[in-house]
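The sequence and coordinates are shown first.

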Number of protein chains: 2
Amino acid sequence: MTLRLALAQCNVTVGDLPGNERRLEEAVRAAQAWRADVVLTPELAVTGYPPEDLLLKPRFIDDNLAVLRRLAGAASGLVAVVGFVDRDRAGRLYNAAGVLTGGRVAAVYRKQRLPNYGVFDEKRYFTPGDQPLIFEAGGVRCGMTICEDLWLDEPPRRLAAEGAQVLLNISASPYHAGKLHTREAVFARQARANRVAVAHCNLVGGQDELVFDGASLLLNPRGQLTALAAQFRDDMLVADLEPDEVGRVGRGRSAFRSPAQPRPRLRPAVRQPLGRLEEIYRALVLGLRDYVRKNGFSTVVLGLSGGVDSALTACLAADALGSEHVMGLVMPSRYSSAATQRDAKTVGAALGMGVREVSIEPLFRAALGTLRPCFAGRGEDVTEQNLQARIRGLITMAFSNKFGWLVLTTGNKSEIATGYCTLYGDMVGGFAVLKDVPKMLVYELARYRNRRGPGRPVPDSVLRRAPSAELAPNQTDQDTLPPYPVLDAILTAYVEDDRSLQEILALRRFPPTLVTRVVRMVDRAEYKRRQAAPGIKITPKAFGKDRRIPITNRYQVAA
Amino acid sequence: MTLRLALAQCNVTVGDLPGNERRLEEAVRAAQAWRADVVLTPELAVTGYPPEDLLLKPRFIDDNLAVLRRLAGAASGLVAVVGFVDRDRAGRLYNAAGVLTGGRVAAVYRKQRLPNYGVFDEKRYFTPGDQPLIFEAGGVRCGMTICEDLWLDEPPRRLAAEGAQVLLNISASPYHAGKLHTREAVFARQARANRVAVAHCNLVGGQDELVFDGASLLLNPRGQLTALAAQFRDDMLVADLEPDEVGRVGRGRSAFRSPAQPRPRLRPAVRQPLGRLEEIYRALVLGLRDYVRKNGFSTVVLGLSGGVDSALTACLAADALGSEHVMGLVMPSRYSSAATQRDAKTVGAALGMGVREVSIEPLFRAALGTLRPCFAGRGEDVTEQNLQARIRGLITMAFSNKFGWLVLTTGNKSEIATGYCTLYGDMVGGFAVLKDVPKMLVYELARYRNRRGPGRPVPDSVLRRAPSAELAPNQTDQDTLPPYPVLDAILTAYVEDDRSLQEILALRRFPPTLVTRVVRMVDRAEYKRRQAAPGIKITPKAFGKDRRIPITNRYQVAA
C-alpha cells in the first residue's frame, strides 16, 4: 500500500480568481492523470498570497468561496487540498485548506498559528483555527497543517499523537537567500521528533516585494530529503510514499477515508538545490518578471550609467523579459566620462537590447539658468547634483509615458539604506530590482552572470572602476560613504541583524565614529524609503513591510 | 471624600525619550501643585505612539524602562499613571500603565485588548495582559484600562464587578472627523452599563499620518459629560469627583491605597466641542505643524497655482508655522492663465508669506527639444502634461535642497484616489497636507478659513473657477473626472465605507458606467499612492496604513 502525493506548486496571482481557478483545476487534472491519491496546492492558492485588504471586501470572500465549490466538482478519484479563505457564520475569516474529494468539500482545516511579524499581518484578517484534521488516503493517515503550523512544535506533536503518519503542509513561505535550508532543517526536526513524513507544497511566483521560491519537498520520518521540486518555477512533484517512508500506523479518528489504488511505483530523483548566487539571481529574475507581467506591462526602460547597478539590472531584465523588451537610456552630462558612456553602450549591445542616448545638458543648462536668479550668492552644493539626477528621472518617465514602458530603478540596498540616492531622481521607477541587494552582492551577481552566460555582458572595466554617481567633477561614492565592504558589513549588523549601535561598537570590527555616522544616515533616510518603489526581498530583513520605522522619530541610537 | 483627577494630555514625540521624560515629569509636578490624587498621562507616553518597529530594538525597551523608574522617583503625594512598554522575563512586551506612587512603581497594568485593524498593528509587538488592576485613591476605587480595553464590554464589566467606582483610561486614540462624538458615546455606554465614572486621558499631537486630538474627558455614572479638555493642544484637566459622581462603593481587592486629602472643591466648566469644520481645520494645522517641527524643519515651500488646493495648503501652513516660515512658488507655463497667476499672488500677499515667480517655460522648451527626436511621429499626449508637472517638482525640490525647506504637496484625496496627479510632479513633497481631504471638503475648509479670518485669504475667483491642472489648452478637471460632488460621493462609498461596486450600483444614485470607471481608476492608482508622501488622516479610512491593497492585484471589482 503506497500513498501517491502530487505537490502542485503553481504561480497564481493575487486577486485573479478566474485565472487561479483555471491553474488549480489544471493541477487537479494533472494529478488525476498521475493517478495521485492526494494533490496539494499552495496556501491561499484561490486568492493568491498575500491578498492584504482585499480580504476586507465581503464580495471577494464570496467569490473565493464560489471558486472552491467549483473546484470540488473537479476533485474525483483523489483528494485535492486547496488553500482558500473560509468564513464562519459570524463573519470571521480563516486561512484554510479545503479538502476536496468525491466532488465535494469533504473537510476544511483552519490554520492554527497566524504569523504577525516581519512581512506578515495575518492577525489583521484571520481568526486562528483550533481543530486538527486527519484524513486517510492510500491507506495512510494524513495530518493537515498550513505554513506556520509546521514551524512550531505543538501542531505537529498533536497530529502525531492522534496518529498522523504524514504531515501535509500547504505554504506561502517568502524567499530570502538560504531560506530553503532553514525550511528543510525546521521540517526535518519536526519529522524526526514526531516520526512522521512531511510533504510541503510551497507557492511560487512574485507578488510586489515578495518572491515565493517553490522548492516543495518531501522528508521521510528520519528527516531525510527524499524529493525536491524545482525552485522559482511552476512544477508538479509526484512521489510515492511506501509504508516504510511514513510514520507507524497510529490510532485515532479520520475525517474520511479515500481508497488506495494499485499502481507501479514512482520515485523522483532528489534534485540538487541551486547554489547561493544562482538562487539569488533566479529570485530576482522571477520577482522582476512577475511584477512586470502581472501588472500588465511587457517592456521596461532603465537608465544605463556605465555602473555595475544598471548593468546588473539590465542583465536581469533581459533574462526575465527577453532583451527585445528592455530599453536602455544613456543620459550623459558634463560630468560623465567617456569610459562610462562607452561601458553603458557595451552592456546594452552585449545584451542585444535597445539603447538610446539622450544628453541631459540642454535641460541642465536651462535649469541652472532658471534658478540662477533665485540662488544668487549661494555656492554649488548637492542641489545641482540632484538636479541632474532629477532631469534623468524626468526623461526616463517621459519615455515611460509615451511608450507605456515600466521604469526600472537601479539603486541597491546600500544606497537606499544610507539615503545615497535622489528622491524623484535616480529613485524614479515602478520597480526597484536591486532594492534589497547590497552593493558587494551586486558585484558578486554581476560576476556570476558573466560566468554563467550567455555572453559576458558586464565589462571588466565596470567591475573594476571605483563607483561614482558622476554628478560632480571627479566624484566617487567613497567621498561620502565608507568603502562598500565596510559599509555593507555595518548595514548587515544594523538593518538585517537589528543590532543596536552599542552592540555593533562592542564587536570592535569598525571605527566607532564610522559606525555612528552610518547608523545616523540609515535613520535619517527613512523619509526617502517611504517614497521608494517596491523591490524584491532577498534578505531576512528588507526595507518595506519587514521594517516599519516611523519617519518622525527622535530616538537617538547614537550614544 | 473626593477624588481629584488630573488628566495630563501632552504632546510627546515618538522616540524622544529624554524629551518625553521632561514633559511627563512636568505633568506630575503640575498635578502635585493642584494637589491631585491621581494624574493620568497618555498611552505609551514614555515612547510616543505608535513607536512601530522601534519596539523591536531591545535597547529602546531598556531605555523606556529606565525613564519609568526615574519618573517613579518624582511621584510622591499622588498616584501617577504613565504609559510605557513593559517586558517580562521571557522578553515578551506589553502595552502597559505604570502606576507610580510613594517614589516607586506600585503596580503595572497590561493592556488586555490589542487593536490590530485599521492603522493599528499592536499584535505585531505586544502580548495581551490578563490581570485587572484596581487601586484606591482619595477613598475611591479606580479600575485601570488602556485605550481599546474601554471600547469593548468585557474589561469594564469585570472591573465594575470587582468594585471599581471609576474607570481610568489612558489612550492614544487617532483622530478622524467626528471621532470625539464616537468616543463619548462608547464611553457613556460603558459608564451607564456599569454605573461607574469614566476618566479618559488621550494623547495630543501629530505623528506621521496620524493626529491625536486630546479632548480628554470625564463622564459620570449616568454617562453625562462632566468635563472636557482642550482639543488639539496640550492641556491639563483637573476635576474633583464627589461621592455621588462615582459608582457605588464596591467590594474587592485593591493593589494599594493612596490616602485622601482635604481640599476646597474644584469643578471645571464643560467646554463646548469644536464645530465640524473648525475641528478638521485644527487637526490639519496640528498634524502639519508637528510633522514639520518634530522632523527638525522650520520653513516649508509649496507651489501656488491659483487653485483652491494650494490656497488652502498655504493658509494651513501659515496658521501652523507663521507666514514668515512659508514660501510660495508661482511657476507659470504657456497654459497658465493671467487670472490664476494673479490669484496665486493674491493668496500669498493676503497671508503675508514669501512668493517667488519662476517660469517653467525655458525648461519645458528644453525638455520638448531634447525629446523631439525620440518621440518623432507621435502626437502630444499626457507625456507633455506630466513634463510640466515634473519640471515644477524639480524646481520646488531645488529650493528645498538649496534652503533646507520642507516641500508641501498640495493634492487632495479625490486626486490621489483616482490617480489624477503626476508621480514625481505635483506629488513631489515631504508631506501631503490634504491627502485625506476630498475636494468638496477643500472648498468648505477654504470658505471656513475666509469666514474665520484673520483676513480673507482665498479670493472668490479661486472658489468659483472650474478646477484645472492647466497643463493643456482650456483644460479642466472635468474633462477627465466626473463633477466633484458626484466623484466624492462615489469615493466615500468605495474607499471610506468599503462598499463593493455591486453595492454602490444598487444604491441607484449614480450612472453605472461612471461608478465602474471611478472604481477602476481607484484600483489602478495604487502604485502611485505607494510612492506618495505621508499626509494627515482625517476620515475613518485614509490611504496609507489604513488601507493595504496590493499593487499587483487582478481582482476585477467591475462585473
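The model is predicted, and the description begins with strand E1 of chain A, from which Leu3(A), Leu5(A), Leu7(A) and Gln9(A) point one way while Arg4(A), Ala6(A) and Ala8(A) point the other way, all of them being buried. In a regular strand, side chains alternate between the two faces of the sheet. Since seven of the seven residues of E1(A), which spans residues 3-9, are buried, this strand is largely enclosed by the rest of the structure.

| Partner of E1(A) | Sense of pairing | Bridges | One bridge pair |
|---|---|---|---|
| E14(A), residues 235-241 | antiparallel | seven bridges | Ala8(A) with Met236(A) |
| E2(A), residues 38-40 | parallel | three bridges | Leu5(A) with Val38(A) |

Chain A also holds an open sheet of seven strands in the order E13-E12-E9-E8-E7-E6-E15, with mixed pairing. Its edge strands are E13(A), residues 225-228, and E15(A), each of which pairs on one side only.

Helix H3(A), residues 154-161, lies across E6(A), E7(A) (140-146) and E8(A) (166-171), and runs at about 160° to E7(A). Helix H4(A), residues 179-194, lies across E8(A), E9(A) (197-202), E12(A) (217-219) and E13(A), and runs at about 150° to E9(A).

Where does Pro259(A) lie in chain A? Pro259(A) is found in the loop between strand E15(A), residues 257-258, and helix H5(A), residues 276-294. Pro259(A) is exposed, because 10 other C-beta atoms lie within 10 Å and the cut-off for an exposed residue is 12 or fewer. Although Pro259(A) and Gly296(A) are 37 residues apart in sequence, their C-alpha atoms are 44 Å apart in space.

Helix H8(A), residues 361-371, leads on to the contact between the chains. In H8(A), the residues Leu363(A), Phe364(A), Ala366(A), Ala367(A), Thr370(A) and Leu371(A) are buried. They lie on the same side of H8(A), because they cover an arc of only 165° around the axis. The buried residues of H8(A) pack against helix H9 (382-403) of chain A together with H8 and H9 of chain B.

Across the interface as a whole, 65 residues of chain B are in contact with 65 residues of chain A. On the chain B side, the elements that give two or more residues are H2(B) (58-74), H5(B) (276-294), H8(B) (361-371), H9(B) (382-403) and H16(B) (526-530), with H9(B) supplying the largest share, twelve residues. By class, this side of chain B has 29 nonpolar, 18 polar and 18 charged residues.

How are the two copies related? Chain B is superposed on chain A by a rotation of 180° with 0.0 Å of shift along its axis, at an RMSD of 0.0 Å, and the two copies are therefore related as by a two-fold rotation axis. In chain B, the C-alpha nearest this axis belongs to Gln531(B), at 2.1 Å from it. The same surface serves both copies, given that 100% of the contact residues of chain B recur in chain A.

Definitions and conventions:
Residues numbered from 1 in each chain as written. Chains lettered and ligands numbered in written order. Predicted model: local features only at pLDDT ≥ 70, side-chain atom pairs only at ≥ 80, totals over all residues. Helix = DSSP H or I, 4+ residues; strand = E, 2+ residues; numbered from the N terminus. Buried ≥ 20, exposed ≤ 12 C-beta atoms within 10 Å, placed from the backbone. Contact = placed C-beta atoms within 7 Å. Nonpolar A, V, L, I, M, F, W, Y, C, P; charged D, E, K, R; others polar. Least-squares fit on C-alpha atoms with pLDDT ≥ 70 in both. Pairing = 2+ DSSP bridges. Axes fitted to C-alpha atoms, helices over the stretch in contact; angles between N-to-C directions. Arc of directions from axis to C-beta.
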